[in-house]
Amino acid sequence: MAETVWRTRGRARRSTRTLRVRSSAAVLAVIVLAVLAVPPFVQLDQQAVDLGAKLLPPSWEHPFGTDDVGRDLLLRCVYGLRVSLLVGLVAALAATVIGTAVGAAAGALGGWTDRTVMRAVDTLSSIPHLLLGIFIVAVFRPGIWPVIVSVAVTHWLSTARIVRAEVLSLRGRPYVDAAVSGGASRWRVAVRHLVPGILPQAGLAAVLMVPHAMWHESALSFLGLGLPAHQASLGGLVQSGRGSLLAGDWWPTLFPGLLLIVPTLAIAGLAGAWRDRQNPRRRSELTL
């Protein structure tokens, strides 16, 4: 009887997990298609001001309504999402490369190198990401690349810790001991055994870092830093819609916020499925 109940629960959870993965993939596909297709094919100027059409509620002509100067909010949100995805993807890739290199070096070399590197990581982790990001952005002129540099420099620390822990775990495996006993050089052991073992964890960290980087960029834009004022950004759109929200016009704030939340949930759904595939033991425990 208990075995039947477990099997029924396991099938239900697998069905739920499959539905979550498919829904997340479909949402991300729609988002990517909108980001890639709307700007080239929609021949509208996102900066076009029409004071006679300001703060119009959502309609067939303007599905997301218009902002306080009459610009189409759907088009502005798509351009803002395009910027956020660009910053998130590039910054996550750069931060993952930095964190993987630092964590792998610390774990593989060990000794005083490991202790020195990890104390430096702990010191940098004690500084709030947003404050450090604001300082970095303030050094440069407004633009996308200073924001990418800011996010990448402040987000590689967690990846370094994850990769170091994985390298330390791999160093104790029997096949690594056998390779060392067989006379393999440190470089060969790292390339043949350590690097392939840490790539799945590094890839998962990169995927999970994309929404984090998007929120970081949106926070900087909300504060008026990083991107120029005329360039669409989800954080900037939320900030500019605050005044309208107090007057009862909810759409200039709601839709940019949703375009931040929805991709985050979709990426989290896919990353959760990836994590379960990497760790079959954890997946079997969840199934029970």
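User: Is Asp122 buried, exposed or partly exposed?

Analyst: Asp122 is partly exposed, at 31% relative accessible area. With a 1.4 Å probe and protein chains only, buried means under 20% relative accessible area, exposed over 50%, and partly exposed in between. Keep in mind that this is a predicted model, where local features need pLDDT of at least 70, side-chain atom pairs count only at pLDDT 80 or more, and totals for chains, interfaces and linings use all residues. Residues are numbered from 1 along each chain as its sequence is written, and side-chain values use heavy atoms, leaving out hydrogens and water.

User: Thanks! How many salt bridges does the structure hold?

Analyst: A salt bridge is a side-chain nitrogen of Lys or Arg within 4 Å of a carboxyl oxygen of Asp or Glu. Here there are four. Among them is the Arg119 and Asp122 pair, at 2.9 Å from N to O.

User: Where do Arg119 and Asp122 lie?

Analyst: Both are in helix 3 (residues 111–125), three residues apart, which means about one helical turn separates them. Helices (H or I, at least four residues) are DSSP runs, numbered from the N terminus.

User: Which residues are linked with Asp122 in a network of salt bridges?

Analyst: Arg119 and Arg161 join Asp122 in that network. Arg161 meets Asp122 at 2.9 Å, N to O. Arg161 lies in helix 6 (residues 157–171) and Asp122 in helix 3, so this pair ties together parts 39 residues apart in sequence.

User: And Arg71: which residue is its salt-bridge partner?

Analyst: The partner is Asp67, with the closest N and O atoms 2.9 Å apart. Arg71 is buried at 16% relative accessible area, and Asp67 is buried at 7%.

Technical notes. Helix = DSSP H or I, 4+ residues; strand = E, 2+ residues; numbered from the N terminus.
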